[in-house]
Amino acid sequence: MNVQGVPYRTIWAEGGSVKIIDQTRLPHAFVVAELDSLEAAVTAIATMQVRGAPLIGAAAAYGLALAMREDPTDDGLARARERLLATRPTAVNLRWALDRGAEHLAPLPPDERAGTAFRLAARICDDDVDANRRLGAHGYRILQEIHAARVPASGRSTGDGVGVVEGDVDRLNVLTHCNAGWLATVDRGTATAGIYQAHEEGLPLHVWVDETRPRSQGGRLTAWELGEQGIPHTVIPDGAAAHLMARGQVDVVLVGTDRTTARGDVVNKIGTYPVALAARDNGIPFYVAAPSSSIDFSVDEGTEVPIEERAPDEVTWVTGKTAEGGVATVRVIPEGSPARNYAFDVTPARLVTGLVTERGVTEASTEGLARLFPERAR
Ligand code: MRU
């Protein structure tokens, strides 16, 4: 997608190293960082310079390639896989990409491994972009249908009009949580792929962006990338989502997933489950953009998926831009008050209206997923 009108992917190989957009610096600085070793890739994933399930997978694939340049032996391959796998536990794309890498590389002589690993990482990136384009076409169709079926603007309550510009009440109001956007993938995003296509096709829309505490991927990243593409959006505190739904200001919820199980339970950023509950209570469709690389057919119940717990500092401290233009980190919770920082939650399949995949849209169920992906279902 574009940054100041210039198209970028979020990760690419260049001049013998790997380039990433350092997401810990956004939205206040756009910084391209270089990964030149396995350890640099491990650090980039663990510290969330790169984050979002599909991008974590792509970064791991490049991490494996960098590792093969350092030590292409069987031991080197096993060690690199183990180091990368330990970075973050929830997004299944990490294991998916590493398994694919190990499967391709293990049968090769060591001197062929680095070149093959770089080519494979590039292919994983291209496949991700392609899957997101296809998934986006299905997401766009859903948005189109909901827009067409909407009560005409004159008959709708627009509440206090927040986020609704006069003369523009025909816009479809989409609510999203976290960042399932371009920045979470290699390009176009998953939840945002349909939104970007809708915008390109001229469907009038506006996106409510959940701030997504504690790391504010919605407020920092989704808002920034929607702004760069010129998409109308409004950031809201996470607690405001249900209120807006109750006031008729949300037409559809569209989120991503870090791992969706064989029966359609959706593991996604903490706070997704309450959004789904509020959507159900208000009769609002709740869709999940789930590329096949984020579907884990080896797990049935969402409760079996390991939920990452991150440092409490992310809850007790907040980083942002000061009025003077610098960046500062300040404590917002009393000294001595303990905090817990669960990074993901599980939305049960029963609350999901549909899963939007690159092969089409299906109900969130074992049968639905098996119909779309018969070769992977157990
Ligand atoms: O902790 P993060 O920022 O890696 O979590 C990202 C999310 O939860 C996204 O919603 C998810 O990965 C879907 S991304 C296409």
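Where is Pro214 found? Pro214 lies in the loop between β7 (205-210) and α7 (217-228). Helices (H or I, at least four residues) and strands (E, at least two) are DSSP runs, numbered from the N terminus.

The model is predicted: local features need pLDDT of at least 70, side-chain atom pairs count only at pLDDT 80 or more, and totals for chains, interfaces and linings use all residues. Residues are numbered from 1 along each chain as its sequence is written, and side-chain values use heavy atoms, with hydrogens and water left out.

Most peptide bonds are trans, and most residues other than glycine have a negative phi. Exceptions to both patterns are described below.

Two cis peptide bonds are described here, beginning with the one that joins Arg213 and Pro214. Its omega is about 10°. The bond from Leu26 to Pro27 is also cis. Here omega is near 5°. Pro27 sits in the loop between β4 (17-21) and β5 (32-35).

Positive phi values occur at Met48 and at Arg188. Met48 is not a glycine, yet its phi is about 70°. This residue belongs to the loop between α1 (38-46) and α2 (53-70). Met48 is buried, at 3% relative accessibility. Buried means under 20% relative accessible area, exposed over 50%, and partly exposed in between (1.4 Å probe, protein chains only).

Arg188 is likewise a residue other than glycine, with phi near 70°. Its place is the loop between β6 (172-176) and α6 (191-200). The relative accessible area of Arg188 is 6%, so the residue counts as buried.
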